[in-house]
Amino acid sequence: MTTPSPAPSPVPSPVPSSGPEPTETTIDKAQQQALWTERSAGWEKWAERRADMAEKMNLPLLELARVGTGHRVLDLASGIGEPGFTAARLVGDAGHVTLTDLTPAMLDGAKRRAEQRGLTNVDFQVADAESLPFPDNHFDRVTCRFGLMFVPDKLKALREALRVLKPGGRIGYMVWGPLEDNTLFRISRQVAEAVFDPEMMAFMRVPFSMSAPGSLESLFAEAGFAEIEERPFEGRPKAPLDEPFYRTQLDMSFGVHYSDADQATKDRIEALVVDSLQPHRESDGYRLQVHSRYATGVKPD
Ligand SMILES: C[S@@+](CC[C@H](N)C(=O)[O-])C[C@H]1O[C@@H](n2cnc3c(N)ncnc32)[C@H](O)[C@@H]1O
């Protein structure tokens, strides 16, 4: 069960950032919840239209973690349901997936998606990855896609995953690779810098706090996992020249700060995005770059 969502904070007027960039990549949990609540409608709006794209990242992650028929899976920081829903398909009727997230509003979106899809082998629980409300040795698999970067104490969160896993159970986590290898994030960051405030810039930095190759591997080892393996996931997707495909990214990165902005601000943001896309233009589309990293590890017997 989820608790009622906190109301989104009011939309501040966009102001140009000034002064030196903060370098902190940790945001406390109350602020995390507020920031994700502001973005939850944007994430839910695009979720089904992005489901095929989500699956392209979910499948390698779940395959590396060897998620299969009959498994009991815990998905952390599930947001609006990825990769939990793909895991639900892989485990089948004999298995079960518990989707969790710190932010009730995100998980409420996942619940609505599960109802629309008629999923019967899932349940939902608001949970902080650093302090899991589950018994020891309970799950066959623990998964987490694009969530660990947001958790202040990552080692504590991994030790919690280790605790709730059965001996011999596996984890599978995915994080974003370097910012310079992720075109749309690089462009979002340029927008944040030009249009929004330093708080937005600080939030834009967090997704890349684990981007160095080997980050997952070394943290897994420190937490006590064995048989660790980390891989890159790299892609060069092509985006259409004649459609505002980038609005998805803007809704998801900036939430209400973009969707509720006045038309002049929206026009300014979109002009900036289109301008920044020009170096990536080819005759039949924009050639983008995507780089994430994913890893698995086993709880020793
Ligand atoms: C980028 S979204 C990822 C959502 C989903 N896994 C996906 O890949 O689409 C990050 C999510 O992490 C959640 N989150 C942040 N801090 C958390 C924490 N300490 N414990 C659990 N979830 C957290 C946020 O609420 C948000 O829904």
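Tutor: Helices (H or I, at least four residues) and strands (E, at least two) are DSSP runs, numbered from the N terminus. Residues are numbered from 1 along each chain as its sequence is written. This is a predicted model: local features need pLDDT of at least 70, side-chain atom pairs count only at pLDDT 80 or more, and totals for chains, interfaces and linings use all residues.

Student: Which helix gives the most to the shell around the ligand?

Tutor: Helix H1, residues 29-47, with three residues.

Student: Which residues around the ligand come nearest?

Tutor: "Near" is a cut-off: the C-beta atom, placed from the backbone, lies within 6 Å of the molecule or strand. Of the 20 residues around the ligand, Ala77, Gly79, Leu102, Thr103 and Ala129 come nearest.

Student: What is the mean pLDDT of the protein chain?

Tutor: pLDDT is the predictor's confidence in each residue, from 0 to 100. The chain's mean is 91, and 92% of its residues reach 70 or more. Over residues 1-23, though, the pLDDT is below 50. Beyond near neighbours in sequence, that stretch has 38 contacts in the model; a contact is two C-beta atoms, placed from the backbone, within 7 Å.

Student: What is the order of the strands in the open sheet?

Tutor: Strands of a sheet pair through backbone hydrogen bonds, either parallel or antiparallel. Here two strands pair if DSSP finds at least two bridges between them. The seven strands stand in the order S3-S2-S1-S4-S5-S10-S6, with mixed pairing. S3 and S6 (226-235) are at the edges with a single partner strand each, so one side of each has no neighbour in the sheet.

Student: How many bridges join S2 to S3?

Tutor: Five, and these two strands run parallel. S2 covers residues 96-101 and S3 covers residues 122-126. Val97 has Val122 in S3 as its bridge partner.

Student: How many bridges join S4 to S5?

Tutor: Six join S4 (residues 139-145) to S5 (residues 165-176), again in a parallel run. Cys144 stands opposite Tyr173 in S5.

Student: Which peptide bond is cis?

Tutor: Most residues other than glycine have a negative phi, and most peptide bonds are trans. The bond from Glu82 to Pro83 is cis, with omega near 0 degrees. Pro83 sits in the loop between S1 and helix H3 (84-91).

Student: What is the phi of Ala77?

Tutor: Positive, about 50 degrees, although Ala77 is not a glycine. Ala77 lies in the loop between S1 and H3. Recall that Ala77 is also among the residues that come nearest to the ligand.
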